[in-house]
Amino acid sequence: SDEGYEAWLRFDPLAKSELEVYTDWCSEIILSEQSVILQAARAELIRGIASMLGRKPMVKAKPSKPRYLFVGTLDCAELEGLIDKKTRESLQEEGYLIKTVENPEGSCIVLTGQTDKGVLYAAFHFLRLLQTGQSLNGLSIKETPRNRLRMINQWDNMDGSIERGYAGKSIFYKNNKIVTNVKRIQDYARMMASVGLNAIAINNVNVHDVETKLITSELLPYVARVADIFRAYGITLYLSINFASPIQIGGLQTADPLDPLVKQWWADKASEVYRHIPDFGGFLVKADSEYRPGPFTYGRDHADGANMLADALEAFGGLVIWRCFVYNCQQDWRDRSTDRARAAYDHFCPLDGRFCDNVILQIKNGPMDFQVREPVSPLFGGLRHTNQLLELQITQEYTGQQRHLCYLVPQWKEIIGFDTHASGEDSTVARIVEGSIHGRPYGGFAAVSNIGDDTNWTGHLLAQANFYGYGRLAWNPELSSEQITEDWVRLTFGNDKTVMETISRMLLDSRTIYENYTSPLGIGWMVNPGHHYGPNVDGYEYSKWGTYHFADLLGIGVDRTESTGTGYTGQYHDIPSARYESLHTCPDELLLFFHHVPYTHKLHSGKTVIQHIYDSHFEGVEQAGELMQSWASLKGKVDDTRFTHVLSRLEEQVRHAKEWRDMINTYFYRKSGIPDERNRTIY
Ligand code: GCU
């Protein structure tokens, strides 16, 4: 359909020029092994090839044509002698190989992996080659995921609502039950596997009353059915749990992690869960955060809490994913000694080395909360003896809520490429979370999903690119934004050069544009409280959330330096710490995150802060208009349904960008009394 339901798995019919060669290779698939995952790989290949080439391939045990596709794990007898020892050994658990093997009696393209999961990934990669019109000559593609965990977090509640969801209701739950029609869940699993994702937590980290019961025998059989669906696509299921479960559903008086009865309760609970789901992934935990229960209630720390759960899960190979989003959310705005940005590091660094090996700390990319611009959390550089998972937000809570176009892959690239200097140069976030720098057994990426039951999954059709890009980056953080973007556009809109270039440019520019007309220079927020959509400069200024900009008649920004401020800069290693500490070296785009400066302060760009605010906001609105015009230029090149849908979102974005521009500019003009050098309209 043209509503966008198929996302990047459309497999539109290919142009004539490619048909002949591809058909030659793809009319026969040789596949003899059995497993649910290979079953899925087979179904995907048949479906994708039939749709692109207009002819369904035959699946056989023995080839009858000179060219064919061979699909199977490295263990299968047919591949003996065909793949050399070195290649075999270099393929890790989930890795795969796509290789053209020429034989006198027949040539084949081999799709293989160490495990059936690898084969599934190879199948999706092969389909991508066809859809993007690549040559099939002499293929030799070897891929291994850089991260062991490539996870999605659903913030879905059982009443069907989604916390920070902007694309309709949950595809998992309705009326406090798990849905019975699982078609969408299955298609979601396909989308996830196609980009290499391998884990999912299916309920909100804020675990309310009904969801607390997901780990009871009443609901586990239903959870197990969902796990079955994901398993066929190589995806492991996790649940978010309520730390107070022993009280709430266990009838105990306490949830104290050191209490023997509590420990026993969780151990029993773990075996119960594993009876229903033998390959269950583990628990995701938000504790002592934003009013959620946790170990602090009992005078225990987060290592006590996490390790208690880890002990319960260990026998079954389960993991505890423990979130570090812990801060004081009842701050008095008059209290200038507390800095929310410090919180994760202050809470967790002292515990480094105390966590069990099957605990992974899940750390938000920035020290605050998924703003359009934040520095990278210093906790990544701080922890050395702890498994770490980078938490990103695909759902656009603070970045336009899928009404604005804001493609986040370039932002994520900056984050994972940030050099913490934890072990000298090139101690990037990517290398820390993959575990290689400190030799950690587990690690990877997690991200909050942006999908719901809207036909096109993500509300804004172009927001599908964020989900796609996340998966590709979690697999290989080294891919460039441009490469990922081009792939997505080709898969979603076809191989027309103008279409590809126009949409790619729009996506790649969109984050800077969004930043231009919203909160300036790394200060963040300035949104309406609660739902977080739209401008409200002082929306959080006198609240308890710890998210202040401190604008007055003379200047703006938060002094987080060691010399005169909150000392936050001291949480980084020497080199980044010194860079942020000094006004001379602090990058413009983060200036107000680290320093309080007068409006007349000159940026490295040569502009004053106030003139930068005016200029970037006028420019941002113009650029939003250009986004709309770029899209409009594609009329006739993109089907009408998708064309009209995206155009209407972009029109809304332009209108709303003006609202942002005028509120922000007016606010700072009134505070500072300094006029715009170029005399544009400010109210
Ligand atoms: C943000 C978001 C909340 C969410 C929280 C979290 O504060 O607004 O809705 O629960 O992050 O990550 O736990």
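**Exercise 1.** In this predicted model, describe the helix and strand content of residues 458-680, and state how far apart the end C-alpha atoms are.

*Solution.* Over residues 458-680 the chain is 52% helix and 2% strand.

**Exercise 2.** Work out how helix 1 and helix 2 are oriented towards each other, and name the residues through which they make contact.

*Solution.* Begin with the geometry: helix 1 (residues 16-26) and helix 2 (residues 36-53) pack at an angle of about 150°, and their axes are 11 Å apart. Since angles over 145 degrees count as roughly antiparallel, helix 1 and helix 2 are therefore roughly antiparallel to each other. Their crossing is left-handed. Helix 1 contributes Leu 19, Tyr 22, Thr 23 and Cys 26 to the contact, while helix 2 contributes Ile 49, Met 52 and Leu 53.

**Exercise 3.** Locate Glu 290 in the chain, and decide whether Glu 290 is buried, partly exposed or exposed.

*Solution.* In an unreviewed entry, the UniProt annotation "active site" covers Glu 290, together with Asp 369 and Glu 397. Glu 290 is found in the loop that runs between strand 12 (282-285) and helix 10 (302-314). The relative accessible area of Glu 290 is 22%; because buried means under 20% and exposed means over 50%, Glu 290 counts as partly exposed. Finally, when neighbours within four places in sequence are left aside, Glu 290 is in contact with Phe 325, Tyr 327, Cys 329 and Trp 545.

Key: Residues numbered from 1 in each chain as written. Predicted model: local features only at pLDDT ≥ 70, side-chain atom pairs only at ≥ 80, totals over all residues. Heavy atoms only, no water. Helix = DSSP H or I, 4+ residues; strand = E, 2+ residues; numbered from the N terminus. Axes fitted to C-alpha atoms, helices over the stretch in contact; angles between N-to-C directions. Parallel < 35°, antiparallel > 145°, perpendicular 65-115°, else oblique. Left-handed = near helix turned anticlockwise from the far one by under 90°. Contact = heavy atoms within 4.5 Å. UniProt positions renumbered as here; feature names shortened; annotations may be inferred. Buried < 20%, exposed > 50% of the residue type's maximum accessible area, 1.4 Å probe, protein only.
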